[in-house]
Amino acid sequence: MSGFPIITADQRLAEPRGVKGVLADQGVAKQSRSTEQRFWRKVDRDSDSHGCWIWRGGCSSNGYGGFRLGYRRPMVAAHRFAYELVHGAIPPGAVVCHHCDNRGCVNPAHLFVGTPADNMRDMVCKQRSALGTRNVNAKLDDDTVREIRTRYRNGDASLWELARAYGVASHSTISAIVRKRTWKHVREVNHGI
Ligand SMILES: [Zn+2]
């Protein structure tokens, strides 16, 4: 991944405030710096080999990370929050897309704004390329499902990491698998006596 402006969160934290958009709408620009610091503390910048910064906070129902701005304050999308902290306001009506196609990623260098139509085109492109190449890995079968459940139960990997490792579009697909809402027919293999 190259050619994207690399601005670290640390650099941004040292810069003056003045963010508009989602953050200004929520009055975040007036908040203390502690909200930003609390946000970045939930981000794992080290464990992904593709340079993705993995959100370790809560998830929203649409498969994106969610960050609560504070007590009795709304939940915002973590990647949108990260984008605005570093790049400034998201234009009205724009969506924030991922260069890296990893919904759990909040690395500002992997995020770009587009229109909803761009987002659709982007998704279609990525699905098309996925079908041609790595989709072999995306095919789940009974054994893969057992493996995913075991790895999750043993704490080997988070939902995000499993989604990425098995070429599944969203962590919620993995969540449904480990909670046995899908692939219900797959039983544990009994290795017992
Ligand atoms: Zn990324």
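In helix H4, the buried residues are Ala78, His79, Arg80, Phe81, Ala82, Tyr83, Glu84, Leu85 and Val86. The model is a predicted one. H4 spans residues 78-87 and is mostly covered, with nine of its 10 residues buried. Gly88 follows H4 and has a positive phi, near 100°.

A three-stranded open sheet was identified, with strand order E3-E4-E5 and antiparallel pairing. E3 and E5 (75-77) are the edge strands, and each pairs on one side only. Strands of a sheet pair through backbone hydrogen bonds, in either a parallel or an antiparallel arrangement. Between E4 (residues 65-68) and E5, three bridges are found, in the antiparallel sense. Among the residues involved, Arg68 has Met75 of E5 as its bridge partner.

Helix H9 covers residues 171-178. Its buried residues are His171, Ile174 and Ile177. These lie on the same side of H9, because they cover an arc of only 115° around the axis. An α-helix has 3.6 residues a turn, so residues three or four places apart point the same way. The cover over the buried residues of H9 includes strand E3 (58-59), helix H7 (142-153) and helix H8 (159-165). After H9 comes Lys180, with a positive phi near 60°.

The packing of H7 against H9 was examined next. The two helices pack at an angle of about 90°, and their axes are 9 Å apart. H7 is therefore roughly perpendicular to H9, a class that takes in angles of 65 to 115 degrees. On the H7 side, the contact involves Val145, Ile148, Arg149 and Tyr152. On the H9 side, these residues meet Ile174, Ile177 and Val178. By class, the contact has six nonpolar residues, one charged residue and no polar residues. Ile174 and Ile177 are also among the buried residues of H9.

Arg41 was considered separately. This residue lies in helix H3, which spans residues 34-41. Arg41 counts as exposed because it has 9 C-beta neighbours inside 10 Å, and the cut-off for exposure is 12 or fewer. Arg41 and Gly57 are 16 residues apart along the chain. Their C-alpha atoms are separated by 9.2 Å.

How values were computed. Residues numbered from 1 in each chain as written. Predicted model: local features only at pLDDT ≥ 70, side-chain atom pairs only at ≥ 80, totals over all residues. Buried ≥ 20, exposed ≤ 12 C-beta atoms within 10 Å, placed from the backbone. Helix = DSSP H or I, 4+ residues; strand = E, 2+ residues; numbered from the N terminus. Arc of directions from axis to C-beta. Contact = placed C-beta atoms within 7 Å. Axes fitted to C-alpha atoms, helices over the stretch in contact; angles between N-to-C directions. Parallel < 35°, antiparallel > 145°, perpendicular 65-115°, else oblique. Nonpolar A, V, L, I, M, F, W, Y, C, P; charged D, E, K, R; others polar. Pairing = 2+ DSSP bridges.
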